[in-house]
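The following questions and answers go through selected local features of one protein model.

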Amino acid sequence: RMQRLIASGQVVVRGVVHPAVLGRGAVAHVSVMVDGSAAPIATALAQRVDVAFLSLTSGVYALIAEVRVGSMRDVDGVITELRAMSGVVGVDTLTYIEVLRDVVGPVGDVDVEVDEVDLALLRALQRDGRASYVDLAQAVGLSPAGARRRVVRLIESQVVRIGAVVRHSGQDRQS
């Protein structure tokens, strides 16, 4: 059954990397009030790489987004851009102090140093979480045993989580 879902493209296996390792350690919950239809604003926000989660909602806030960027200054920049969008009449923001649970990605502090080889492995796992150690080794110039040691270290230190991702909207990117 799983093979059919993977073959159909409805499910993909990806490595989800800790946001801090990707330079996206500042996270904010953004509630957006709109005047008129929220759909065009949602379409524009869904295209942004700094918007990790986006939902159309009922009530005062038509949109709820999670913004993941490098710094609080970057959060301010995103909020400024949101406020300038046509149809946006209000934005309320809560910055995260700590993420305790993430249904997809790893959480907590990153206590391990990552180098360029680790980053290359993480990029490869983001593309294909089912890649063999032989394929990973070839991609980064290591032996399969060396690639395995590094991947195990990255998983055990919660830098990356490998798992199935259901493609609800046809988008499953992580940058």
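Q: How many charged residues does the lining of the second largest pocket have?
A: In this predicted model, local features need pLDDT of at least 70 and side-chain atom pairs count only at pLDDT 80 or more, while totals for chains, interfaces and linings use all residues. Residues are numbered from 1 along each chain as its sequence is written, and side-chain values use heavy atoms, with hydrogens and water left out. The classes put Ala, Val, Leu, Ile, Met, Phe, Trp, Tyr, Cys and Pro as nonpolar, Asp, Glu, Lys and Arg as charged, and the others, Gly among them, as polar. Beside eleven nonpolar and three polar residues, the lining of the second largest pocket has charged residues numbering five.

Q: Which residues lie nearest the centre of the second largest pocket?
A: A pocket is an open set of points on a 1 Å grid over the protein atoms alone where a 1.4 Å probe fits, with protein on both sides within 12 Å along at least five of seven lines; lining residues have an atom within 4 Å of a point. Of the 19 lining residues, those nearest the centre are His18, Gly25, Glu98, Val99 and Gly108.

Q: Is glutamate 66 buried or exposed?
A: Glutamate 66 belongs to strand E4, residues 63–69 (strands are DSSP runs of at least two residues and helices of at least four, numbered from the N terminus). Its relative accessibility is 14%, and the cut-offs are under 20% for buried, over 50% for exposed and partly exposed in between, with a 1.4 Å probe and protein chains only. Glutamate 66 is therefore buried.

Q: Which side chain makes a polar contact of 3.0 Å with the side chain of glutamate 66?
A: A polar contact is a pair of N or O atoms within 3.5 Å; within protein, one must be able to donate a hydrogen and the other to accept it, and residues adjacent in sequence count only if both atoms are side-chain atoms. The contact at 3.0 Å is with tyrosine 96.

Q: Which backbone oxygen does the side chain of arginine 14 reach at 2.4 Å?
A: Arginine 14 sits in strand E1, residues 11–17. A polar atom of its side chain lies 3.4 Å from the backbone oxygen of glutamine 126. At 2.4 Å, the side chain of arginine 14 reaches the backbone oxygen of arginine 127.

Q: What is the phi of glutamine 158 near?
A: Glutamine 158 is in the loop between helix H6 (144–156) and strand E6 (160–166). With a relative accessible area of 42%, glutamine 158 is partly exposed. Its phi is positive, in a residue other than glycine, and near 60 degrees.
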